[in-house]
Amino acid sequence: MTSTPAAIGWTATGLRWRDGLPRLTAIGGARVLEREVAAGTRIGWTVLGPRRCVGVRTAHRHHPCPLAAELEPSGKAGQCPSCQDADQGLALARDQILDDGRTYRLYLAWFGPGLVKVGLTAEQRGTARLVEQAALAWTFVARGSLPSIRRAELTVARSGLARERFTSRAKVGGWWRLSAPDERAAAVHELRARVLRVLAGHGVELFPADPVTDQVALFGLTAGPPAAYREITALGPGATLGGTLHAPIGRHLFVTPDQADAPPLLLDTRLLIGWSLRPTPLAPCTGLAEQLRARPVEQAALF
């Protein structure tokens with residue numbers, strides 16, 4: 001009798017946004033599984049190990065890792081060093097590709113007060129990168145070839161108006177410091193005006209009137225995140241995870257466990273990549289490495 005992927009477990013490959021919808025993805029042999037996720041989605045998984053590299057995905061197909069390399073439980077890469085070296089997307093992010101003939105857009109992404117990122121994305125990807133990064137508000141500011149947009153990105157970063165990178169921890173911390181919608185939009189509009197002045201004569205097509213898109217409601221953060229929750233820092237063989245999902249926030253998922261009085265859990269879905277997951281109805285949450293996170297206490301003013 002031949003085992004099916006459902007019987008032996010699907011290997012998770014992460015959470016991706018396509019056509020504006022978040023989808024959990026997995027592979028089982030030559031089969032690919034995608035499941036759309038939204039607030040209220042129920043999950044129940046048992047984690048099967050060891051955790052292994054998921055290989056490289058190209059525009060045409062998935063290429064398994066030739067080494068079937070094992071990965072650390074707490075890592076977020078999902079790939080071994082050899083597969084990372086073969087990944088075109090990572091090569092682009094590491095400035096190892098100087099030009100690929102595509103058109104790119106420069107964006108400003110707002111993650112909270114004082115947390116503004118400048119970045120680039122291929123025009124053909126639309127807005128997927130801004131959703132995947134969990135940008136709370138964003139706008140496009142320029143358009144051009146990869147070399148010209150990369151130079152514009154560096155110019156903005158060196159001006160001090162925005163940064164090229166923020167850690168996941170910094171972005172998640174910004175959820176507790178959300179300003180009002182009109183204040184978020186005003187902050188992005190004001191910053192864009194300053195960025196456009198810096199980029200004047202830079203050889204790229206500028207967008208002085210591109211709309212500011214706010215994604216706070218999309219991510220279910222209108223009322224902010226839970227005041228306290230436990231962040232999953234690693235999975236392990238035999239761990240179980242079950243409950244009800246909140247709206248996905250980029251690649252992060254809040255899970256309300258089925259156990260009474262259990263605090264919400266926050267899962268960075270990159271931690272799922274490479275583990276085999278077996279569907280387990282009514283799975284409790286056990287065997288997880290967790291860390292308590294709570295809303296920072298604001299200090300009262302002395303005067």
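Hi everyone. Before we begin, one definition: a helix here is a DSSP run of H or I with at least four residues, and helices are numbered from the N terminus. With that in hand, we can say that Leu 130 is found in helix 4, residues 128-132. Please keep in mind that what we are looking at is a predicted model.

Let's stay with Leu 130 for a moment. Is Leu 130 buried or exposed? Buried means under 20% relative accessible area, and Leu 130 has a relative accessible area of 0%, so it counts as buried. What does Leu 130 touch? Leaving aside residues up to four places away in sequence, its contacts are Tyr 107, Ala 109, Ala 135, Trp 138, Phe 140 and Gln 215. Take Tyr 107 from that list: it sits 23 residues from Leu 130 in sequence, and the two C-alpha atoms are 8.6 Å apart in space.

Now for helix 7, which covers residues 181-199.

Which residues of helix 7 are buried? They are Arg 184, Val 188, Leu 191, Arg 192, Val 195, Leu 196 and Leu 199. If you look down the axis of helix 7, these buried residues fall within an arc of 145°, so they line one face of the helix. On the other side of helix 7 you will find Asp 182, Glu 190 and Arg 197, which are exposed.

And what do the buried residues of helix 7 pack against? The list has strand 7 (103-112), strand 8 (115-122), strand 9 (137-145), helix 5, strand 10 (205-206) and strand 11 (213-214). Just after helix 7 comes Gly 201, with a positive phi of about 75°.

Helix 5 has 14 residues, which at 1.5 Å a residue should span 20 Å, and its end C-alpha atoms are 20 Å apart, in agreement. The buried residues in helix 5 are Leu 146, Ser 148, Ile 149, Arg 150, Ala 152, Glu 153 and Val 156. Covering them are, among others, helix 3 (88-93), strand 7, strand 8, strand 9 and helix 7. After helix 5 comes Gly 160, and its phi is positive, near 85°.

So how do we describe a pair of helices? Two packed helices are described by the angle between their axes and the distance between the axes. For helix 5 and helix 7, the angle is about 115° and the axes are 10 Å apart. Their crossing is right-handed. Helix 5 brings Ala 152, Thr 155, Val 156 and Ser 159 to the contact, while helix 7 brings Val 195, Val 198 and Leu 199. Sorted by type, the residues of this contact are five nonpolar, two polar and no charged.

Time for some loops. Asp 19 lies in the loop between strand 1 (10-18) and strand 2 (21-28). Asp 19 is not a glycine, yet its phi is positive, about 55°. Is Asp 19 buried or exposed? Its relative accessibility is 70%, so Asp 19 counts as exposed. Further along, Asp 261 is in the loop between strand 14 (252-256) and strand 15 (265-268). Asp 261 also has a positive phi, near 65°, in a residue other than glycine. With a relative accessible area of 81%, Asp 261 is exposed.

One more loop, between strand 4 (42-48) and strand 5 (56-57), holds Pro 50. The peptide bond from Gly 49 to Pro 50 is cis, and its omega is near 0°.

Let me finish with Arg 23, which is found in strand 2. Arg 23 has a relative accessible area of 17%, so it counts as buried. Beyond residues up to four places away in sequence, Arg 23 touches Gly 14, Leu 15, Arg 16, Arg 18, Glu 34, Arg 35 and Glu 36. Of these, Glu 34 is eleven residues from Arg 23 in sequence, with 5.9 Å between their C-alpha atoms.

How values were computed. Residues numbered from 1 in each chain as written. Predicted model: local features only at pLDDT ≥ 70, side-chain atom pairs only at ≥ 80, totals over all residues. Heavy atoms only, no water. Axes fitted to C-alpha atoms, helices over the stretch in contact; angles between N-to-C directions. Helix = DSSP H or I, 4+ residues; strand = E, 2+ residues; numbered from the N terminus. Left-handed = near helix turned anticlockwise from the far one by under 90°. Contact = heavy atoms within 4.5 Å. Nonpolar A, V, L, I, M, F, W, Y, C, P; charged D, E, K, R; others polar. Buried < 20%, exposed > 50% of the residue type's maximum accessible area, 1.4 Å probe, protein only. Arc of directions from axis to C-beta. Expected span 1.5 Å × (residues − 1).
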